[in-house]
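Biologist: Show me the model, please. I want to go through its labels and what stands behind each.

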Amino acid sequence: MGDLLINLLASVIAGTAVWLTGFLLRRHKLNRARAFFGLAAGASCLLVVSRHASSPREFSVHRRDVAALVSWRPSPANAAPGRTGSARTNRPARSAG
């Protein structure tokens, strides 16, 4: 009976550790994406898509636009600190000429 309780307790501890690790990794990834785009926690983000031009329906969107929105996500490589080419910069853009 003692071995069963020890094994049960070890399973509960391991399951909790796995769940907590997954939760923290998901949260870390979300926070990195928020920081990359300059969004505060809990802020909303609006994505705007043009309507399908040849559709008779008013709220129709082209399937390629929907596929792009669904598959769009920030790349973890671009969100890494210290990388060049970041979207957030304090320097003004150089003028051509």
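Modeller: Start with Phe23, whose relative accessible area is 33%. Buried means under 20%, exposed over 50%, and partly exposed lies in between (1.4 Å probe, protein chains only). Phe23 is therefore partly exposed.

Biologist: What is the basis of the model?

Modeller: This is a predicted model, where local features need pLDDT of at least 70, side-chain atom pairs count only at pLDDT 80 or more, and totals for chains, interfaces and linings use all residues. Residues are numbered from 1 along each chain as its sequence is written, and side-chain values use heavy atoms, leaving out hydrogens and water.

Biologist: Why does Trp19 count as exposed?

Modeller: Trp19 has 54% relative accessibility, so it counts as exposed.

Biologist: Why is the pair of Trp19 and Phe23 called stacked?

Modeller: The structure holds one aromatic pair. Its ring centres, in Trp19 and Phe23, are 5.6 Å apart and the planes are at 10 degrees, so the pair is stacked. Rings of Phe, Tyr and Trp (its six-membered ring) pair if their centres lie within 6.5 Å; planes under 30 degrees apart count as stacked, over 60 as edge-to-face and the rest as tilted.

Biologist: What separates Trp19 and Phe23 along helix H1?

Modeller: They are four residues apart in helix H1, about one helical turn. Helices are DSSP runs (H or I, at least four residues), and strands are too (E, at least two), numbered from the N terminus.

Biologist: What makes up the secondary structure of the protein chain?

Modeller: Three helices and zero strands. Along the sequence the pattern is α-α-α.
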